[in-house]
Amino acid sequence: MTRILDKAEYYEALEGSRAAHHNGYYAMFSSLLRGIITDPLLMQVPIDDHLVHRGDGVFETFKCVGGAVYNMGAHLDRFERSARLLDFDMPWSLSEIGDITLDTVRASGKADRSVRLMLSRGPGSFGVNPYDCVGPQLYVTVSELKRGFMDLHPEGASLGTSKVAAKLSFFARVKNCNYLPNVLMKKEAVDMGLDFVAGFDSEGMLTEGATENVGIVTPGSCLVFPNLDGILCGTTMMRVIELAKDNMREIGLQRVDMRPIPKEEVLAAQEILIVGTTPDVTSVRSFDGKQVGNGRPGPVGSQLYELLMDDIRGNPDLRTAI
């Protein structure tokens, strides 16, 4: 017979489950609780929050490095844009969300952290009707910041073609919490023994990775990323494009462009780059089992990686001190 827990037994059982909780969770703000929690056991979201059972929410992930949050303005702008596209009522201003975020990061007591914002439609029912919800809720979590891919794997990454259907343009452009296609893409990569996979649309054009943007360096020394109409507008991708344009001669680029990229061009690329908040700028050594370039990180990817690292660690215009 399954026992029914009273409140005291619930807390006792919760404490007994501590070993199952990740020790890299440092702090969480919950608008439902109107405060910050630092015990991972208490970092909970109601089961009837539509974020949980419908994926009805938007999110952003960014990082704090050396005691400063990097590029927070761009992330907050995209957060608001995603919320607007899904017709969320957001009762907090971006300034208020920024202040809550910084307070939560401070409460974590760490110099380097990963920060995630989530805006949910809110709790209220197990139905699909968003008007059942009591109102939107904001959750901010601060957790362990993983080391960058190239830091752990200086030889570069392996990349393959995903069989998961590309998202419809509207959903690709919204950073929403329904990430089932992304989950399946990551599963593909792990099951195939690859580091990443890249998607292609019905016309054979490059889209994006599970949580990353993908670009190429052509034999003519052009850095190219896909158009924004079918992919997420990555904050790291856009910053890398700016850095590339500002340093074209030093990097050895002829052009920086955004346009459709057929798979044939990916296969013929001198370099393939994976960019994002987590992978930073990662060079690809092989694609679909075929060597990319000379099979080692190329000059463009290597230089853009260094430029981005310098930007993250030392650009005063994009660093918000804690």
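Author: Contact here means heavy atoms within 4.5 Å. The model is predicted, with local features needing pLDDT of at least 70, side-chain atom pairs counting only at pLDDT 80 or more, and totals for chains, interfaces and linings using all residues. Residues are numbered from 1 along each chain as its sequence is written, and side-chain values use heavy atoms, with hydrogens and water left out.

Reader: How do you know that helix 8 and helix 11 meet, and which residues do it?

Author: By that contact rule, Thr-236, Arg-239, Val-240, Leu-243 and Ala-244 of helix 8 meet Leu-304, Leu-307, Leu-308 and Asp-311 of helix 11. Helices are DSSP runs of H or I with at least four residues, strands are runs of E with at least two, and both are numbered from the N terminus. The residues in this contact split into six nonpolar, one polar and two charged; Ala, Val, Leu, Ile, Met, Phe, Trp, Tyr, Cys and Pro count as nonpolar, Asp, Glu, Lys and Arg as charged, and the others, Gly among them, as polar.

Reader: Are helix 8 and helix 11 called roughly parallel or roughly perpendicular, and why?

Author: Their axes come within 10 Å and cross at roughly 110°. Axes are lines fitted to C-alpha atoms, for helices over the stretch in contact, with angles from 0 to 180 degrees between N-to-C directions. Under 35 degrees is roughly parallel, over 145 roughly antiparallel, 65 to 115 roughly perpendicular, and the rest oblique. Helix 8 and helix 11 are therefore roughly perpendicular.

Reader: What makes strand 5 count as largely enclosed?

Author: Buried means under 20% relative accessible area, with exposed over 50% and partly exposed in between (1.4 Å probe, protein chains only). Seven of the eight residues of strand 5 pass that test, so the rest of the structure largely encloses this strand.

Reader: How do you know which strands strand 5 pairs with?

Author: Pairing takes at least two bridges found by DSSP. Strand 5 (residues 113-120) has eight with strand 3 (residues 57-65) and eight with strand 6, both antiparallel. Phe-59 sits opposite Met-118, and Arg-113 has Glu-144 as its bridge partner. The whole open sheet runs 2-1-6-5-3-4-16. Strand 2 (35-37) and strand 16 (319-321) are its edges, since each pairs on one side only.

Reader: What makes a set of residues a nonpolar core?

Author: Its members are buried Ala, Val, Leu, Ile, Met, Phe, Trp, Tyr and Cys residues joined through side-chain atoms within 4.5 Å. The largest such core here has 43 residues, with Leu-304 and Leu-308 among those touching the most other members. Helix 11 (residues 299-314) gives the most to it, six residues. Apart from that core lies another of 27, including Tyr-26 and Val-140.
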